[in-house]
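Please examine the strands of the model shown here.

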Amino acid sequence: MAKGPHFSKKKKQRQTTLSPNKRREQRLNLSKKQSENNMLEHRRSWLKEGFLFFALILVIVFLVVFKTHRVSGKSMAPTFENSDRIIVQKNTSPKRYEIVTFDPEIPNDPSYVKRIIGLPGDQIWTESNAVYIRPSNAAPWQQDEVPQFIISMLPDSTLKVLVHEEVALKLSGLATIPKGSYFVLGDNRAESKDSRALGLIEEEQIEGVVVFRYFPFNKIGLVH
C-alpha cells in the first residue's frame, strides 16, 4: 500500500525583538551590577588587608611592650602556682609590692618571679644575719593593713628578714638601698630563692612588672 506524502509540522518559535532603548537599558543595568560587584569585592579585599595590617601592628606593639612568662615552682604561692601563665609589662619602673620577673644571672636558671619589697632610698641595716628595711618617710603600719605576704613587719614599718651570711656581710656597709637596686622576696618564703640568697637585684636584671594572668582560665585577670 502506497504511503502518502509525509508532511512534518515545524513549530514556529516566536522571536521577540527588543527595541534599541530596551537593549541599551539592559546593558546599563548589567554594567551597573558588575560595577557594584567589583566595588563590593574591592571593599572586602580592603577590609581584609586592613584587618591583617591592624593585627600585625597589635602584635608588634605587644612584643615591644609586653612579654609572656610561665611560672615555674611554688615560690610565689598562693599568689601564683606552678605553670601559671602571666603577662609582663616591659620597660617600667616597679613600685613597692609589685611583682616582677628578672634574670637571676645564674647559668641555666630561667627568669625568676618575685615581689618588690625594698626600693632605692629605703633605709637598710644589718644585725648579724638579719637585714632590716624601712621605707623612707614611711608611716607605721596598722596591724590589719600589713599585706599577707609580709611576715615580719615591726610596728614602725620596718621589715626584718633573715638572710644568708654572705648577703648580710655584703649589705652590712649600707645605710640605704642604692639607686637602681631592689630587695625582692617570694610570697612563699619556704620555697623561694630571692634576695635572702641573691642579695639586691639590679635594675638591669628586671625584665618588667607582672600585670596580667591569662592561665589557668578560672584565674584570668589583672595582677595587683
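Q: Which residue in S6 does Ile124 stand opposite?

A: This is a predicted model, in which local features need pLDDT of at least 70, side-chain atom pairs count only at pLDDT 80 or more, and totals for chains, interfaces and linings use all residues. Residues are numbered from 1 along each chain as its sequence is written, and side-chain values use heavy atoms, without hydrogens and water. Strands here are DSSP runs (E, at least two residues), numbered from the N terminus, and S5 pairs with S6 (residues 130-134) in the antiparallel sense over five bridges. The residue in S6 opposite Ile124 is Ile133.

Q: Why is strand S8 largely enclosed by the rest of the structure?

A: Buried means under 20% relative accessible area (1.4 Å probe, protein chains only). On one side of S8, Ser181, Phe183 and Leu185 are buried, and on the other Tyr182 and Val184 are buried. S8 (residues 181-185) is therefore largely enclosed, its buried residues being five of the five.

Q: Which residue in S8 is the bridge partner of Ile116?

A: Strand S4 (residues 112-118) pairs with S8 in the antiparallel sense over three bridges. The bridge partner of Ile116 in S8 is Val184.

Q: Which residue in S9 is the bridge partner of Tyr182?

A: S8 also pairs with S9 (residues 201-202), over two bridges in the antiparallel sense. The partner of Tyr182 in S9 is Ile201.

Note on methods:
Buried means under 20% relative accessible area, exposed over 50%, partly exposed in between (1.4 Å probe, protein chains only). Helices (H or I, at least four residues) and strands (E, at least two) are DSSP runs, numbered from the N terminus. Two strands pair if DSSP finds at least two bridges between them.
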